[in-house]
Amino acid sequence: MILGKTEIGQQALKERSAKLTQRQRSAFILFDGRRSVEQVLDATAGMGVTPAEITALVDDGFLIELPGATNSGSEANGHAGSVNGSGGGSAGSDKPEPATRSGQDRYRDAYPVATRLTAALGLRGFRLNLAVEGVSSYEELALLAPKIREAVGTTAYAELDRALNG
């Protein structure tokens, strides 16, 4: 399921409304009309964002399902109101792992690695970390990969390389 921000949600974010917890705020920012609920939950798993928190954002009118938005069948539950079932590891369970992974699968696997690696750079990697957080596709992340390799070194980069190209 693909969700998008509503005016109410954007206003709540802008005003730093108490109705948005820090975790919800982090997840809310990632809903850009292209990422699925599953992708946002994967990207925010390290922060502890739960499907219930996404459901609360929908219930509060901050997010809405985008009509006509598709997710290439990667969501097990693609209908409104089923946010709670979407974070249960449905990726890969609907079909056997293909010999070559899709760009979306590579992005889903590589994005958390890239953000972790660049965040560990501290202030010297601040701009690179912001660039990584701004990508929304495998292609964009692959374009940043050489800069990440240069910043973190070949050994640390190996994990990202496996996620992107393995």
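**Entry 1: contacts along the chain.** I began with contacts in the protein between residues at least 6 apart in sequence, and I found that 66% of them join residues at least 24 apart. I note here that the structure is a predicted model.

**Entry 2: secondary structure.** I looked up the helices and strands next. The protein has eight helices and two strands. I then read along the sequence and recorded the pattern β-α-α-α-α-β-α-α-α-α.

**Entry 3: burial and surface.** I checked how much of the protein is buried. Of its 166 residues, 41% count as buried. For the accessible surface of the protein I noted about 9000 Å², and 54% of that surface belongs to carbon and sulfur atoms.

**Entry 4: one pair of helices.** I recalled that two packed helices are described by the angle between their axes and the distance between the axes. I applied this description to helix α7, residues 138-152, and helix α8, residues 154-165. Their axes come within 9 Å and cross at roughly 165 degrees. An angle over 145 degrees counts as roughly antiparallel, so α7 is roughly antiparallel to α8. I also recorded that the crossing of α7 and α8 is left-handed.

**Entry 5: residues between the two helices.** I asked which residues of α7 meet α8. On the α7 side I listed Tyr-138, Leu-141, Ala-145, Ile-148, Arg-149 and Val-152. On the α8 side I listed Thr-154, Ala-156, Tyr-157, Leu-160, Leu-164 and Asn-165. Arg counts as charged, and Arg-149 lies on the α7 side of the contact.

Note on methods
Residues numbered from 1 in each chain as written. Predicted model: local features only at pLDDT ≥ 70, side-chain atom pairs only at ≥ 80, totals over all residues. Heavy atoms only, no water. Axes fitted to C-alpha atoms, helices over the stretch in contact; angles between N-to-C directions. Helix = DSSP H or I, 4+ residues; strand = E, 2+ residues; numbered from the N terminus. Parallel < 35°, antiparallel > 145°, perpendicular 65-115°, else oblique. Left-handed = near helix turned anticlockwise from the far one by under 90°. Contact = heavy atoms within 4.5 Å. Buried < 20%, exposed > 50% of the residue type's maximum accessible area, 1.4 Å probe, protein only. Areas by Shrake-Rupley, 256 points an atom, 1.4 Å probe, with all protein chains shown as cover.
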